[in-house]
Amino acid sequence: MTEVGLRRSSLSTMAFTSVLLFICSIYSCYAQAPLLMWTSDGSNMPHLAQPTAGQTVSGGQLASYLKSALSIAPRNVLLFLQDKLSMEDFTMYGGVFGNKQDSAFLNVESALQTSSNPLVLPALDWSASHSILELLQGELGIPAVQIDPSTLKEIKLNTAQPSLLAVHLPYTAGDQTKELLLKNDAIIGEVLNMFKSQDVPYTAVYTGLKPSRVIEDTPVMAGHSVGRSLLQALPESTVKPPLVINNTVGQPCILLWADTLLATYSGNQVDLARDIFNGSADTAGSVCNNTLSRLVLNYKNVLNLRSLRLIFSMRKIFFPVSARDWSVMEQVVLEYDGQRAIFNASSGIYSPAEYSFHCQSVSSAQSPLLVPRSATDNATMWTLSFTDFQIQGFNVTGEEFSYASDCAGFFTPGIWMGLLTSLLMVFILSYGLHMIMQLRTMDRFDDPKGPAISVPQSE
């Protein structure tokens, strides 16, 4: 082969390899497998916060989940690794539409129902599920033992020491998928019954090495562009990350972001958000726990005041009507030179506890969400105006906000215009139908060959 031919062959090989790597990277971005974790009946597992809807759990988050669970749960771990598994398998073959007798996961469902605080991760990153065996080995400090379901009766367990048993389960897509899932569920039931017969508490994990189905949604949340894009270099984003407040163990518990935090006092105005997102914010006095979050921003020598504190006080409250916890902003307080100005915010600033709150405009003047506590309160001398305001005080899982509950009302001006236009059209149509129904046809006709019709005036 000539030198030119070798060069062309090398270039084609490199191009094919690049395309293959690109396809694999796209696949890994959208490849997600579910994970189920439960304990035996009578064993306890800590209550772990479930991920928010649509959140993909990464490898680091999975390691945190496993560490928290195994701190209390039994350290005899059963790992059921299926070749492929997706949430769509539970939807299609789990009897979720009322046909429970046709479910292919009867043993798994029974184990989840008898367990205390089972953990369900609907969307686990594919790379994390692929490395779960290594994560469990590192957490328990022992190697995994691969067991064959046919040799279950020969296994004798030692409850004095932790153990890690891995059971490999096959998967085949096609017409035989349900039958194979039924066999895998029967194997899971046999293993669990073996542990139960030997009176050994256990922690079970069921997941897949790869997803059986990959749903390629529009990757807007992943930050990829859709459609045409300019080839020129884009400027770096100037949006700063939110202000993060950590709890006593160093985990994020409060997030705050705002484009501006304008405060006006005695005719003077200042933007309190100008210097708090560059890492120099003074948040001394901030506290957070499961029911109360208090964010404190401390300032000095602003608005001709020696000291100023802006305090956001939030509380988690359970409302029986909605049967869920809500995060409610009880008060926004200004403490300055020994005085206090208190604004009530509970009537307008609230969201489900799992979500963050966002509002384009939070003000104490126009369409106020911040209302002075009383007519004689010092708050009447202040005017607050926040733009692009977003805050989250509970269920914070990282340094990014959860899904935002926006303050925009349902009946927007566009909706009102549409409703009024529709009512006008209905009125015109009703009037037209009414006029048509009032038409009267002639009941007598003139015959040209006969005498003319004489209509008496009395008729």
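Q: What makes Arg373 count as partly exposed?
A: This is a predicted model. In it, Arg373 has 49% relative accessibility.

Q: Is Asp377 buried or exposed, and how do you know?
A: Asp377 has a relative accessible area of 8%. Buried means under 20%, so Asp377 is buried.

Q: Why is the meeting of Asp377 and Arg373 called a salt bridge?
A: Their side chains meet at 3.4 Å, N to O. The rule asks for a side-chain nitrogen of Lys or Arg within 4 Å of a carboxyl oxygen of Asp or Glu. The pair therefore qualifies. By this rule the count comes to five salt bridges.

Q: What makes Arg309 and Glu335 a salt bridge?
A: Their closest N and O atoms are 3.2 Å apart. The cut-off is 4 Å, so the pair passes. It links distant parts of the chain. Arg309 sits in strand 13 and Glu335 in strand 14, 26 residues apart.

Q: Which residues do salt bridges with shared partners join into one network?
A: The network holds Arg309, Glu335 and Arg340.

Q: How do you know that Glu354 and Arg324 form a salt bridge?
A: The N to O value is 3.0 Å. Glu354 lies in the loop between strand 16 and strand 17, and Arg324 in strand 14. The pair therefore ties together parts that are 30 residues apart in sequence.

Q: Why are Glu354 and Arg324 called partly exposed?
A: Glu354 has a relative accessible area of 29%. Arg324 is at 30%. Both values fall between the 20% and 50% cut-offs, so both residues are partly exposed.

Q: How do you know that the buried residues of helix 6 line one face?
A: The buried residues are Ile132, Leu133, Leu136 and Leu140. Seen down the helix axis, they fall within an arc of 105°, so they line one face of helix 6.

Q: Why is helix 2 called oblique to helix 6?
A: The two helices pack at an angle of about 40°, with their axes 10 Å apart. Under 35 degrees would count as roughly parallel, and roughly perpendicular starts at 65. The angle falls between these, so helix 2 is oblique to helix 6.

Q: Which residues make the contact between helix 2 and helix 6?
A: Among them are Leu62, Ala63 and Leu66 of helix 2. Helix 6 contributes residues including Ile132, Leu136 and Leu140.

Note on methods:
Residues numbered from 1 in each chain as written. Predicted model: local features only at pLDDT ≥ 70, side-chain atom pairs only at ≥ 80, totals over all residues. Heavy atoms only, no water. Buried < 20%, exposed > 50% of the residue type's maximum accessible area, 1.4 Å probe, protein only. Helix = DSSP H or I, 4+ residues; strand = E, 2+ residues; numbered from the N terminus. Arc of directions from axis to C-beta. Axes fitted to C-alpha atoms, helices over the stretch in contact; angles between N-to-C directions. Parallel < 35°, antiparallel > 145°, perpendicular 65-115°, else oblique. Contact = heavy atoms within 4.5 Å.
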